[in-house]
Amino acid sequence: MTILETLPPRRISLPTARRIALAAQGFLDPPPVAGKVSTRHLQRVINRVGVIQIDSVNVLSRSHYLPFFSRLGSYDRAKLDQLRDRHPRRLVEYWAHEASLIPPTTWSLMGFRMDRANHEAWGGMRGIQQEHPDLVQAVLTEVSERGPITARECKAALNVDIPRREGGWGWNWSAVKTALEYLFWSGKITSSGRNVQFERAYVLPEFLHLPREPVDPDIAHRELVRIAARAHGIGTARCLRDYFRLGAAETSRALASLVADGELEIVTVPGWSDRVYLDTSARIPRKAHVEALLSPFDSLIWQRERTEALFGMRYRLEIYTPSHRRIHGYYVLPFLFGDTLVARVDLKADRLAGQLLVKRCTWESDAPTEAVPALRHHLQTLAHWLGLDEVVHPQPDAQ
């Protein structure tokens, strides 16, 4: 045992940990000139966060657009679509955190998850393969011959290519969709993009030049934990596991390997009871001032215990909570001001009326007064970016 191994872990203060986290997530990168956000800036965010969550809820905006707005300001969403939909693709879809956009190199690391589809995919997906392998094979054939193809188009094609026999098992939409999702999880098919209805267009991986080369699961886990650590800057094993939804034992081995190689350092943070890992390449800023509205699905706040430990906000998603039981609202965006979260804003885009509706705004008790005009400014910027004419406040700002 060396002298260094006997020394107590370095202590990182909570404010420093917050600044490390903000820098790692790209909030402290130099902002682009207004109206001049380029593909290079979008790629910078991708490189920082590594994973962008997708969600179908469109009450404000599709969620994958918002992390880029939070870090870059107003930008042309079509440029982001092109990174996903045009060759050479910088982003592809897979079940990484949840449904996510990830770089093609990361897709290759998910082979262990694809190989475990028969055991780890959702129950309905496993069931369709076990109970109707003929349907799964037929769907794979349709994608191979007709892709890019949506679930609706695949179901219609099956009815032509394999007419339903009376009294036989039919190709209903939900079964076809489930078969497609099983094949998507297992990596036998992927998505070439989304249409205006936000439907996946399924293709073979070869269509996107994604030949799957086997990666040893331990090597893959080590690299995924490394990506998570760089995106966190600082975090517990639970934080780092959650980024790609990894197993505890495999994450533990990856962490031990990265610590041994000096890529991670074990430190302590006041108030954090679990072991804390610091990315040794992380930027450690002396100060930070950020002003940003965060998507409910922003990677900065995915892990709710981490959010509470870092920022003192107990943030919970209430989309699936009955309306009468919601505390802060349906689609609530935390407002980041300075180096912490100071408010929760329930927003809705009324596209027909051209209005950004502030349905509710709840301020933290210690929010500084100067955060109020800053939030108003950001709401105006958000409305303009979304093509809305005005911001409507049903309730007055209050702290």
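This is a guided tour of the structure, one selection at a time.

The model is predicted, so to speak of local features requires pLDDT of at least 70 and side-chain atom pairs count only at pLDDT 80 or more, while totals for chains, interfaces and linings use all residues. Residues are numbered from 1 along each chain as its sequence is written, and side-chain values use heavy atoms, without hydrogens or water.

**The cores**

Select Leu60 and Leu382. Within the largest nonpolar core, of 106 residues, these two touch the most other members. A nonpolar core here is a set of buried Ala, Val, Leu, Ile, Met, Phe, Trp, Tyr and Cys residues joined through side-chain atoms within 4.5 Å. Buried means under 20% relative accessible area, exposed over 50%, and partly exposed in between, with a 1.4 Å probe and protein chains only.

Now show the contacts of Leu382, a contact being heavy atoms within 4.5 Å. Leaving out residues up to four places away in sequence, Leu382 touches Leu60, Leu66, Phe69, Leu293, Leu347 and Leu356. Another core, of 28 residues, lies apart from that one; Leu22, Leu278, Ala288 and Leu336 are among its members. In soluble globular proteins, nonpolar side chains tend to be buried together.

**A buried histidine**

Go to His328, in the loop between helix 16 (304–311) and strand 11 (332–338). Helices (H or I, at least four residues) and strands (E, at least two) are DSSP runs, numbered from the N terminus. Is His328 buried or exposed? His328 counts as buried because its relative accessibility is 17%. Beyond residues up to four places away in sequence, His328 touches Glu318, Arg344, Asp346, Arg360 and Thr362.

**Around helix 13**

Select helix 13 (residues 217–232) and helix 14 (residues 237–244). They pack at an angle of about 115°, with their axes 9 Å apart. Axes are lines fitted to C-alpha atoms, for helices over the stretch in contact, and angles run from 0 to 180 degrees between N-to-C directions. Helix 13 is therefore roughly perpendicular to helix 14; angles under 35 degrees count as roughly parallel, over 145 as roughly antiparallel, 65 to 115 as roughly perpendicular and the rest as oblique.

Show the side chains. Helix 13 brings Leu224, Val225, Ile227, Ala228, Ala229, Ala231 and His232, and helix 14 brings Cys239, Leu240, Tyr243 and Phe244. By class, this contact of helix 13 with helix 14 has 10 nonpolar, 1 polar and no charged residues. Ala, Val, Leu, Ile, Met, Phe, Trp, Tyr, Cys and Pro count as nonpolar, Asp, Glu, Lys and Arg as charged, and the others, Gly among them, as polar.

Asp218, His221, Arg222, Val225 and Arg226 of helix 13 meet Glu250, Thr251, Arg253, Ala254, Leu255, Ser257 and Leu258 of helix 15. The contact of helix 13 with helix 15 has 4 nonpolar, 3 polar and 5 charged residues.

**Backbone stops**

Most residues other than glycine have a negative phi, and most peptide bonds are trans. Zoom to His87 and Pro88: a cis peptide bond joins them, with omega about -5°. Pro88 sits in the loop between helix 5 (77–85) and strand 3 (92–95). Another cis peptide bond joins Gly147 and Pro148, with omega about 5°.

Finish at Phe198. This residue has a positive phi of about 65° although it is not a glycine. Phe198 lies in the loop between strand 5 (190–194) and strand 6 (200–203). At 12% relative accessibility, Phe198 counts as buried.
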